[in-house]
Amino acid sequence: MKKRVIAFLMSAMLIAGVTGCGAPAQAAAGAASTETAAAVGTGAAEATAAPAAEGEKVLRTAASFAYPSLDVHKEYYGWYTSIYGISEALFKMNENSEAVPCLAKDAVADGNTWTVTLNDGVTFSNGNPLTADMVVRNLKRAAEENSRFAYLSDFTIEAVDDKTITITTPEIYPTMKNDLATPELGMMDLDSTTDFDNAPVCTGPFVIDTFIPEGDVTVKKNDNYWGGDVKLDGAIFYYMQEDDPKLLAMQSGEIDCYNSVSSAALEVYNADPAQYNVVSIPGARLQFYILNENRLDDAVREAINLTVDKDKIAEYLSGTVSPAVGPFSTNTAYGQVTVPPVDTDKAKELLEADGYKLGADGIYEKDGEKLSIDIAYYAARSLDTLALLIQEQLAAIGVDSTLSVYEDPDSTYIATGDFDLALYCSIADKSGDPLYFIDSTLSDGGYYDCGGFDDDHCQELIDQLRYEIDPAKRADLANEIVQIAIDDNAYGYVGLFNHTTVLRNGVSGFAENLPFDFYGVSAETDIQ
Amino acid sequence: MIKKIAGKIIGLIVILLILSFFVFLLLYLAPGDPAEKRLTSQGIVITKEVLQAEQERLGLLKPFFVRYGEWLLGVIRGDFGLSFKDDRPVAAKLAAGLQNTCILAMASLVFSLLISYPLALLSAMRKDRIADHIIKVFSFIGNSLPNFLISVLLMYFFCIKLNLFPVIADGSLKGLFLPMLSLSIPMISRFTRQMRSEMILQLSEDYVTGMRLRGVKERYIAVNIIRNSLGHVITIIGLQIGTLMAGSVVIETIFRWPGIGKLVMDSITSRDYPVIMGFVLVMGTIYVVINRLTDLCYHLLDPRVRT
């Protein structure tokens, strides 16, 4: 009997021992809250945002990502403080991917020096004015805290007076306004902020109410907003990674809007226009492929580009992508390029003129060798589906292909150039200027210059683009550069991911018309 | 006795050392760069100089043995290091995740046992009769359904159709119910089948035949069967706890439950080596300790094992 009692106790220990390990952590999490009313914790009991008070106009939305900090300058956290409506940068991007005034009213270049003038009456949520000196300190802090902005430390940034800042660069720097529109360069009151991770003091239309690291976030109206009246009383961002719960939460009326809608959910929303408003515009995220010029001759590359049918691919991906012409949206001035239409007969003619003969198995061959290409891809952003569709389309004209899937493209096929056709997905237009993407793909030594593309005239134009200030001339240069690569069949630009937002009818102003991922609620966001 | 315990502890340390070394080696050999993952998480391309500076900052350019040695020394000092993803202490991240997973796992385990034990007994006592067939069919279905499907179906019925629970659950007991049920349904099915087999085995034992011949009532026979099948149940629990602790990632993601499974999946995706290594150590320890406790329970419950 005694043994049985001991056995029972051991069994109880087995269960209690494991359950018990939670208690202290929960207590600790429960105790964690800041003096600035930012409730911080990670325990299950605190994993959900506080509900809105009765009668308040509070927007409820789902966020696919959640981050551990609200420090605007670190990592990509500024994207989220911008989405939450907490932080603002000196400029902001509009529907046409142009940097327009926000905290600054103007930025003028004179040689290597940019003069930035602040808007009148800009204040932080605590009422303190945004001064030129504070802007300088913010930019310097961003350079220290974020390695992607370390280049700012090469610039001489000075406050001329209370409203004017000069930024002197070692060389002419045409994209300054666009850089100053990136959300990581949002402004914080560095003197008043005591907890950068949980309660930054910023200039946005909302201030943090509760913040759960890597969890839900609640914001409330900034009563001191410098930009005028804020229509909402607050907003709740529920951290929801999965598509199905978002759809169910929308159906049950627990959320009012969200973006990055899946194709399955789109069907449901489109079927009920009386209740849901779906807004879909081509975004900045591009699916493209690199054709290896060191391995594939001109005719084969051209035949591939004439065969890959972007419209059919976009149709198959059911509304999640729009067919791309070039790397940038055709809504932009620098997205005006042309590509030949799909023509599989011409593709076959090209191959035959190049000496390929159709084999008995329906695959072209030359000198006894089958025409087979290696398609390298990674299974994210629908690239796996894309690889299969391209394989199928190529097989239809007699080009065989093998699929090679990699876990990490950057350290494998992008680094080694070991591919015939490499699929990739990245943001092509990060802040309304073409240089970033052109420089990383088409410039000599660029990050994605791994397919052997080399054109002296193109490089000359890229060098001109680096120093050209005039936006219209920049667009012309960009179009010419991209067209050279298209004509050389060095790349294939397949699709631009749509920026798709679903809103319950009556909800508006949730950045649904902006092609960028880093905008969300604003002073104009409203619920009727 | 002290010698025995010391032996077990040394055994545990050796197992953890071997485990940690091989996991560290696998992570080292696996493709993917945490610095790159961190810098390009939003699809922004970075320059080679920026990448190299970040690799240097995270210590990724050091040789394998130096990195492993530094990590091991840190662990010995009680410092699991900082997450590569966000520079937060690994220990705090693991503690928070583990706490939530423990709550979910144990609630599911207790709930599953409460349901499956009587079902298994009923099924065994009514073998090949209608109740047994119904239970077998349901346990077959429950065992076959994938977790994500069960979760979404439960969410649809309970939250949309019946409107009993919110889709966006809070951290309350009500919020725990659906994830617990999702995790429990396959477990109840598995437990019921396993326990039923054990109980049928017990029913064929001589002591049961003897009791029946003596005219002992069925409920007393059932009590004896429950008692004698306890050892088997403990083994099942021991095996299941490990799976529950590490394997509820789908449920945690769908129901927004901030547990350790989800944390580790995110860490693997972002190549957050310090968190993965911390997880391996913690889970390794839990597995070994639970196995030892299971052995001990089994030893005490079953006299045949002692002899």
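User: What makes domain 1 and domain 2 of chain B count as being in contact?

Analyst: Residues are in contact if their C-beta atoms, placed from the backbone, lie within 7 Å. Here 16 residues of domain 1 of chain B are in contact with twelve residues of domain 2 of chain B. Keep in mind that this is a predicted model, where local features need pLDDT of at least 70, side-chain atom pairs count only at pLDDT 80 or more, and totals for chains, interfaces and linings use all residues. Residues are numbered from 1 along each chain as its sequence is written, with chains lettered from A and ligands numbered from 1 in the order in which they are written.

User: Which element gives the most to the side of domain 1 of chain B that touches domain 2 of chain B?

Analyst: That's H1(B), with nine residues. Helices are DSSP runs of H or I, at least four residues, and strands are runs of E, at least two, numbered from the N terminus.

User: Over in chain A, why are Ala265(A), Leu266(A) and Tyr269(A) of helix H7 called buried?

Analyst: Buried means 20 or more other C-beta atoms within 10 Å of a residue's own, exposed means 12 or fewer, and partly exposed is in between, with C-beta atoms placed from the backbone. Ala265(A), Leu266(A) and Tyr269(A) are in the buried class.

User: What puts them on the same side of H7(A)?

Analyst: They cover an arc of only 105 degrees around the axis, so they sit on the same side of H7(A); the arc is that of the directions from the helix axis to the C-beta atoms. On the other side, Ala264(A) and Glu267(A) are exposed.

User: What do the buried residues of H7(A) pack against?

Analyst: Helix H6 (243-251), strand S12 (276-291) and strand S20 (491-504) of chain A.

Notes. Contact = placed C-beta atoms within 7 Å.
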